[in-house]
Amino acid sequence: MIWLVLLLVSGGFLWHYSTAPGAVGAPVTKAPAGMDVDTHFRLVMFLHPHCSCSRSSVGNLNHILQTLPADSDVDVDLYFFRPETVPADWHETTLWTEARRIPGAVCHVDPDGRRTTEFGVATSGHVLLFAPGGARVFSGGITSGRGHDGENPGGESLSRLLCGLESAFESRLAIEQNSFAVYGCEIVSTADDENRKTQ
Amino acid sequence: MSNGSEINITYASEARTDELLQQHERRIWSDTDRMFILLMMLQWIGGVAAAMYVSPSTWIGRISTVHIHVWAALLIGGLISLPPILLAIWKPGERITRHVIAISQGCWSALLIHLTGGRIETHFHVFGSLAILAFYRDWTVLLSATIVVAGDHCLRGIFWPLSVYGVPVESPWRWVEHAAWVVFEDIFLFLSCARARRAAREICQTQAILEDVNRHVEDRVTLRTRELADAKQFFQSVLDSMDAHICILDDRGTIVDTNASWKRFAEHNDGTGIGVGANYIEVCRGASGDCEDGAHTVADGIESVIEDRTNFFNSEYECHSPDEPHWFQVSVTPLKSHSRGAAVVAHTEITERVIAQVRLREATLENEKLAMVARHTDNSVLILDTDGCVEWVNEAYSRMSGFEPDEVRGRSILAILASPDASPRELESIRRAVNEQSGFDGELDRVTKSGDSYAVAIELRIIRDEEGRLLRYVQIEKDITQQKLAEAERERLHDRLQSTARQAGMADVATGVLHNVGNVLNSVNVSGNLMMEGLNRSRVGRLGQIAGVLSDARDDLVYFLTEDTRGQHFPKLFDELSRHLMSEQDQMKQELGSLLTNIEHIKEIVSMQQTYATTRGCLEPVSPEALIEAALQLNDAGFARHNVSVIRETAKCPT
């Protein structure tokens, strides 16, 4: 009986861990200056190259992009965090390789997470979508849990936005309801962020 | 029950079948428990390895820590796997063990489904687990696993569908569909379990029957083995008890087995050269001395038997020791069906037989001589069988009795001896001797075939074997007719001589008596003459004269005596006469004493002569039986008159 109770407690712990989203951070609501968002959508995803949960995010992103109509006009930028004190190939993980295979996606190394910090993102797998003109129309994760592939509210909302099936208002409402939780590793630690700010 | 070479099989008891089934199921349960030990460890190790491979670390910036999935795989996986592993080790085959294993396996399915994000492929782990759990052939185990899986799907399907189905939103009843598929498989697994259990029961029943058969067969084998051992022991004992030296040779002549007599022979000869392992043909070939020829012959014989040139070899040879002669008989017999042996060699010492044959030949010669004696002797020889009937007679019998052998062969000896002249007493003695199997010595009057009488001395002897059993009678009859006539004549002459001697003796005695009596009579005569002379000279007559004088003077005796002159001389006369008469009396007494002495002397002479005549009797041997018989015959008339029957029983007189 004790054993069965321990099993149930363990299951509850797993359930709690799997359903606990990462930090949302303070994503920017407008595209930073210098970002080309004049005529087309720009999708930006921030990733920790060693985050195993983010494979689902990359996979789901690939799936979304594959299902978009051929005339969809969206630029995709994926920023991979790399601390400056690590070897140069530190970021070249399986996740990096899979991301580079996404058609049309551009993978960038984000040295020391400056871009991540610039966009106000904290958790790997966080996606920001800026509509033409620079307005942010989507913010959040595109997985339903840690490492869970498949359909999820964030991915469906993102797909509908790109297809023009959902308005920015509806997306913003969902964002405010925290419906697109991000499940992944924390990209930039608080200590690193404070150090960088100090510098 | 078994009888002879047949084995009747009884149906195995239900109890034994159930016992075997329980043993079988417990063995299956224990084996499956051990299998699940490996599976649990593999799942545990595999889970940890997968976690370490897929998500070994969780990152916060550039800092990584062990991913929570690794800990989950390690700790929760251990929590799931360790209890069934320990139970399987400590309590294999127990019901609690397999149910804990079933629950654990269901938990492993739930964990894996969760860790793979509810991938539908991972759900196959459930079906695989059920199939493996079906190894227990216990539907209740499947039920436990099914309850765990269904409960997990139910709870997570309602409250956390993303974990079990991989989608965040799902119908709360989808778990029923999953559970239904599990039940679908369970139905067939239940049927499979039932069928497997039924098959196992049939197998156990068959095994019980086989055990019964095996038990009977083992009993039979044990019995046969014991009989075989007894038979082997028996034959070995028989071989060992035989005086013959026996060995078994293989096809190269090597000794592979021997009996005790052979071993003793080998030990006696201080040689291990003829023990087991030695090549006996080479031993025989290498023999020298007196035994060389015989040994070479034996070697040839063994080779001929082993090479199948002959079926049997037998030979006799002599092989003398320095102390005494020895003869042996060797026989070599093929041993075709034996696993190792090719021939049996048996040496039998026949020294006693050979010596016996020599002695037999000598005895035969002796018997021939005896037969010659028996055939040509003048005495009749009859050989009787145990019933006293004639088996054989010699020629002398025919000459003596006038009967041919065929006329008396088979007839009873008593019938043959019976004749009017034969003494009934002697016949009775012979009959008693035959009946009591004792000997007889006696004489018997017989009659020849032509009716002539003759007397024989019969000597009947008993012939017995070494154990004292009666074999035959031998009767020897000696014709004593002439001897008896001679004896009669001798007796007659003896009687006459004895009578003459007796008469001569009597004459001698009479002469001696007369001579001695004559001598004494001379003395008696002298004494008588002296007494006669004394009487003649006696003066007794004077007493008459005196009496006359006194008678004359009786009227006046006093005067006469006193006065008369004559009378006055009378006192003197009386005195002188008295002295004279006294003298005469003394003289007469003396003569009379002498006379009486002589008369006594004569009496003594006569008595002594009579004594001599008595002690001088003639001694002659007399048979007590004959003496008694003669005494009885003297009284036959009296016995007959008084109707007295006399029974004679006399023992044989010692000689």
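Reply: Start with a definition. A polar contact is a pair of N or O atoms within 3.5 Å; within protein, one must be able to donate a hydrogen and the other to accept it. Across the interface of chain B and chain A, one residue pair meets that rule. Keep in mind that this is a predicted model.

Me: How many salt bridges cross the interface of chain B and chain A?

Reply: Zero, by the rule. The structure as a whole holds 35 salt bridges over all chains.

Me: What makes chain B and chain A an interface, then? How many residues are in contact?

Reply: On the chain B side, 31 residues are in contact with 34 residues of chain A. The two chains bury about 2600 Å² between them. Of that area, 69% is on carbon and sulfur atoms.

Me: Which elements of chain B supply the side that touches chain A?

Reply: β3 (57-60), α2 (68-90), α3 (95-115) and α6 (161-165) of chain B each supply at least two residues. The largest share, eight residues, comes from α2(B). By type, that side divides into 18 nonpolar, 12 polar and one charged.

Me: What makes a group of residues a nonpolar core?

Reply: The members must be buried nonpolar residues of the listed kinds, joined through side-chain atoms within 4.5 Å. The largest such set here has 43 residues. I80(B), L130(B), L133(B), Y136(B) and L142(B) have the most contacts inside it.

Me: Which elements supply this core?

Reply: Both chains do. From chain A comes α1 (2-19), with at least two residues. From chain B, the elements with at least two residues each include α4 (124-133), α5 (139-159) and α7 (174-241). The largest share, eight residues, comes from α3(B). Another core, of 28 residues, lies apart from it, with V76(A), I102(A), A105(A) and F180(A) among its members.

Me: What does L142(B) touch?

Reply: Leaving out residues up to four places away in sequence, L142(B) touches L130(B), L133(B), A134(B), D186(B), L189(B), F190(B) and C193(B).

Me: Why is T258(B) called buried?

Reply: Buried means under 20% relative accessible area. T258(B) has 5% relative accessibility, so T258(B) counts as buried. T258(B) is found in strand β6 (residues 255-258) of chain B. Beyond its neighbours within four places in sequence, T258(B) is in contact with Q236(B), I246(B), C247(B), K263(B) and V276(B).

Me: How do you know that V70(B) is buried?

Reply: The cut-off again is under 20%. V70(B) comes in at 9% relative accessibility, so V70(B) is buried too. V70(B) lies in helix α2 of chain B. Not counting residues up to four places away in sequence, V70(B) touches A51(B), M52(B), S55(B) and P56(B).

Me: Which residues of helix α8 of chain B are buried, and what do they pack against?

Reply: A260(B), S261(B), W262(B) and A266(B) are the buried residues of α8 (residues 260-268). They pack against α7, β5 (245-249), β6, α9 (280-285) and β9 (343-349) of chain B.

Me: Why is R446(B) with E477(B) called a salt bridge?

Reply: A side-chain nitrogen of Lys or Arg must lie within 4 Å of a carboxyl oxygen of Asp or Glu. For R446(B) and E477(B) the N to O distance is 2.7 Å, so the pair qualifies. R446(B) lies in strand β12 (residues 440-447) and E477(B) in strand β14 (residues 470-479), so the pair ties together parts 31 residues apart in sequence. R446(B) and E477(B) are buried.

Me: What makes E489(B) and R492(B) a pair?

Reply: Their closest N and O atoms are 2.3 Å apart. That is within 4 Å, so the rule calls it a salt bridge. The two are three residues apart in helix α16 (residues 481-536) of chain B, and therefore about one helical turn apart.

Note on methods
Residues are numbered from 1 along each chain as its sequence is written. Chains are lettered from A and ligands numbered from 1 in the order in which they are written. This is a predicted model: local features need pLDDT of at least 70, side-chain atom pairs count only at pLDDT 80 or more; totals for chains, interfaces and linings use all residues. Side-chain values use heavy atoms; hydrogens and water are left out. Contact means heavy atoms within 4.5 Å. Buried area is the accessible area (1.4 Å probe) that two parts lose on being put together, summed over both. A polar contact is a pair of N or O atoms within 3.5 Å; within protein, one must be able to donate a hydrogen and the other to accept it, and residues adjacent in sequence count only if both atoms are side-chain atoms. Helices (H or I, at least four residues) and strands (E, at least two) are DSSP runs, numbered from the N terminus. Ala, Val, Leu, Ile, Met, Phe, Trp, Tyr, Cys and Pro count as nonpolar, Asp, Glu, Lys and Arg as charged, and the others, Gly among them, as polar. Buried means under 20% relative accessible area, exposed over 50%, partly exposed in between (1.4 Å probe, protein chains only).
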